[in-house]
Amino acid sequence: MQKDLETKFLSDFENNQNIAHKICRIYTTNQDAHNDLFQEITIQLWKNYPKFRGDSKFSTWMYRVALNTAISLYRKSTRTVKTQDFSDFAYKIKATDYDNTEELQLKALYSAIRKLNDIEKALIFLYLEDKPYKEISETLGISSVNARVKMNRAKEKLKKTLNP
Amino acid sequence: MDLLDNYKKAWSNQPEETNKLSAEEIYKMAHSKSSSIVKWIFIISILEFVVLNSLYFVIDTDETYTEYKKMGLENFIFYSQIVAYAILFYFLVMFYLNYRRISATDATYELMKKIIKTRKTVRNYVLFNLSYMALMMIVVTVTSINTNLNALNNKQIILIIITTLIVTLLILGVLWLFYQLLYGILLKKLNRNYKELAKLDNPN
């Protein structure tokens, strides 16, 4: 039983790990912290996996647990030493058959998102991931009206940073 | 909205992470030790319960008991300790129940409320304990003045009262500062994010 659960978890998570990587990228500023947060997200997902009933998609459930970890559970690790900054984050993006304008836009977008506060980061992230307001408000536990109000403010803030 | 739409397109076209983890690496990670804030709260809270209660073992020696007996306080000490232990038990149960309710699958706002509630349970216990200690100090001082009333002049009585007050306030003050600092560091991020969400919930 435990073995089955484990196998299922590993395949679910392996296929959706990009979600966690994106969250780590917006909530941390260097590779060590990225790995640290990623590890904590993995631990929390596995710990709570028995509670995942499958009545929602694994990815939907994962957004919630991963964001909760980034916003409320994760504490900056003290062993984090200053290593390379994400300004050279581009090394991860393969330039081949990839539009350069989009690459630059993506870089600017990430650095603008990092300037937002933790809650705004979550809102913008879910917006970029094309989540409906219903899901956004359920994930954060606030009313859908408030999610909209706050989302508009976060978008304005983001736009100002992107296009001063 | 067109500006953001452009960026959104770039976002959805972003390449997958190149440093992807294999199932084996994920397995290892999933079984490693968590260093989440909830875990820290749990450890620190347990330490608080242990430290505060082991203080009594240091204070409660046979010698102090004989002193209490001399002052006729043994009944008061006995019953107040029973009450204190009952209250300790109540707080431990509440703390454990609140801790168990914390779940990363909750909505963000709910999760924060539960973490803060758990932390507050321990804070209330600490407050109770500090008040209990202060009360003890006052009762013992008042009684010892009473029993030695004839041997003391007014000046000495006032001196004892002032010294006790200063010492009590000093101890409480230092402990209070220590707690503010501890909670401040531990819960800074959480409190900030909680306020941000709470502000959303009550926009006025």
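**Domains, helices and burial**

Author: In chain A, the centres of domain 1 and domain 2, taken over C-alpha atoms, are separated by 20 Å. The domain bounds come from an automatic or database domain assignment, which gives domain 1 as 1-79 and domain 2 as 93-164 of chain A. This is a predicted model, in which local features need pLDDT of at least 70, side-chain atom pairs count only at pLDDT 80 or more, and totals for chains, interfaces and linings use all residues. Residues are numbered from 1 along each chain as its sequence is written, while chains are lettered from A and ligands numbered from 1 in the order in which they are written.

Reader: How many residues does each domain of chain A give to the contact?

Author: Two residues are in contact if their C-beta atoms, placed from the backbone, lie within 7 Å. Domain 1 of chain A gives 10 residues and domain 2 of chain A gives nine residues.

Reader: Which elements give two or more residues to the side of domain 1 of chain A that touches domain 2 of chain A?

Author: Helices are DSSP runs (H or I, at least four residues), as are strands (E, at least two), numbered from the N terminus. Helix H1 (2-27) and helix H3 (58-73) of chain A each give two or more residues to that side. The largest share, five residues, comes from H3(A).

Reader: How is burial read, and what percentage of chain A is buried?

Author: A residue is buried if 20 or more other C-beta atoms lie within 10 Å of its own, exposed if 12 or fewer, and partly exposed in between, with C-beta atoms placed from the backbone. Of the 164 residues in chain A, 36% are buried; of the 204 residues of chain B, 15% are.

Reader: What does the radius of gyration of chain B show?

Author: The radius is taken over C-alpha atoms, and the globule rule is 2.2 Å times the number of residues to the power 0.38. Chain B has 26 Å, whereas a compact globule of 204 residues would have a value near 17 Å. The C-alpha trace of chain B spans about 90 × 45 × 25 Å along its principal axes.
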